[in-house]
Amino acid sequence: MLGEILHILAAAVIAWVLFVTVDIFFGLPKAGGVSGASAIARDIEAGGGALAGGNMMGNIVCSPDASAGTLLAACGVYVAGIPGGLAAALMVFIGNRICHDPGYAGTTGAVLATFIVYGFTLVGFAATDFIAGMVLAILSIQGLSHARASRLLARLWRVRQ
Amino acid sequence: MILALEVTFGLIALAGAVSAALIRDSYGKLISLGILVGGIVPFIVDRGYLDVAIAVSLIAPIATIFVLMAVRRDEA
Amino acid sequence: MIALYLVAAVAVFAVARALIERNTGRKLPYVNVMNFAVAGALVLLLDHPLSLVAAAAYFVGSTLEANAIASTYAGGVKR
C-alpha cells in the first residue's frame, strides 16, 4: 500500500512537470484568449495573485489544456494502452475546438502523456497512479492557494520570456 | 461501489443541491448545479449505463448554457 | 484502488473549498478540480473503453459549462 502511495506521489510530480511545461510553452499565461479566463485571472489577482498565473489558471478552467490532456491520456492508457491514449488525445482536440480554443496545448499534452505514462507502466508504475497523480497535480495548482500558485506560475512564465 | 465511495459522491451531490438552494448569487447557483451533476454521474457509470452517462454529461452543460442565455435575455 | 479513494477525497475537498469561496471567479478553479477528479473517478470505477468516452464527455462538458459561466460573468461575448 505504501508502495502505491509513493508511486502516486511520483506520478503526481511527473504529471505536474509535464503539464506546466507544455502549458507555459504554449503561452497559456499570456493574456487574451477567452473572456472568461481573463475574468478569472482578474479575480485571482484581486485575491493576491499574479495576473500571468491567473491567466493560465483561467485558461485551464475554460478549455481543455495540457492538464486535461494528461489526465485523459492516463485514463486512455489505463483502458486501452497507447491506442487508448491517442484516442483520448483526439477527444481532447475535439473538446478544444468545441470550446473555441484554436490552440494545441491540450492535444500535445495528451500525446506526450500517452507515451510517458505508457513508458512508466513498463517500469513498475500503473496507469492508475498517473490518473490519481494528475488529480493531485491539478489540486496543487487550482485547489489549494490560488494566490501562491499563480505567483509560482508567473515566475515560471518570466523564465520562458 | 463500496459504501464509502457511494457516501462520498452522494455527499457531493447533496452539497451541490443544498448550496444551490441556499446561495443567493445566480452564478453561485449555477455552479452548485454543476457540482450536483458531478456527484451524480459516478453513480450512473458505476452501474454500467455508460451511454446514459455520456448523454447526461453532454446535456447538463448545454442546459446550463441555455439557462445563461435566458438570464442574459432577461437582463438585456 | 487507493487511486479511486484518493480521487474521491480530492473531489470532496474541492467541493468544500468551492462552496466556502464567495467570489465566482475564484470558485471556478475549485470546481475545475472537482471535474478533474470526477472524470478520473469515472474511469477508475469501470474499466471499459466507453468509460473513457464518458470521462472525456464529462470533462469537455464541464469545461464548456465553466467557460460559459465565466464568460457570462465577464460580461459576455459581443456577438
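Author: Helices (H or I, at least four residues) and strands (E, at least two) are here DSSP runs, numbered from the N terminus. In those terms the elements of chain C follow the order α-α-α from the N terminus on, which amounts to three helices and zero strands. The model is predicted, and local features need pLDDT of at least 70, side-chain atom pairs count only at pLDDT 80 or more, while totals for chains, interfaces and linings use all residues. Residues are numbered from 1 along each chain as its sequence is written, and chains are lettered from A and ligands numbered from 1 in the order in which they are written.

Along the principal axes, the C-alpha atoms of chain C fill a box of roughly 45 × 30 × 10 Å. A residue counts as buried if 20 or more other C-beta atoms lie within 10 Å of its own, as exposed if 12 or fewer do, and as partly exposed in between, with C-beta atoms placed from the backbone. By this criterion 76% of the 79 residues of chain C are buried. Two residues are in contact if their C-beta atoms, placed from the backbone, lie within 7 Å. Of the contacts in chain C between residues at least 6 apart in sequence, 46% join residues at least 24 apart.

Of the 76 residues of chain B, 36% count as buried.

The contact between these two chains takes 32 residues from chain B and 33 residues from chain C. On the side of chain B that touches chain C, the elements giving two or more residues are α1 (3–22), α2 (26–46) and α3 (50–75) of chain B. For the composition, Ala, Val, Leu, Ile, Met, Phe, Trp, Tyr, Cys and Pro count as nonpolar, Asp, Glu, Lys and Arg as charged, and the others, Gly among them, as polar. That side of chain B comprises 21 nonpolar, eight polar and three charged residues.

Toward chain A, 38 residues of chain C are in contact with 47 residues of chain A. At least two residues each come from α1 (2–25), α2 (35–46), α3 (51–62), α4 (66–98) and α6 (127–143) of chain A. The largest share of this side of chain A, 14 residues, is supplied by α4(A). By class, the side of chain A that touches chain C has 31 nonpolar, twelve polar and four charged residues. Among the two pairs of chains that touch, chains A and C have the most contacts. Chain A and chain B do not touch, and their nearest C-alpha atoms are 11 Å apart.

One residue of chain A brings the boundary with chain C into focus. Ile138(A) is found in helix α6 of chain A, and Ile138(A) counts as buried because it has 28 C-beta neighbours inside 10 Å. Leaving aside residues up to four places away in sequence, Ile138(A) touches Ser67(A) and Gly143(A) as well as Val33(C) and Phe36(C).
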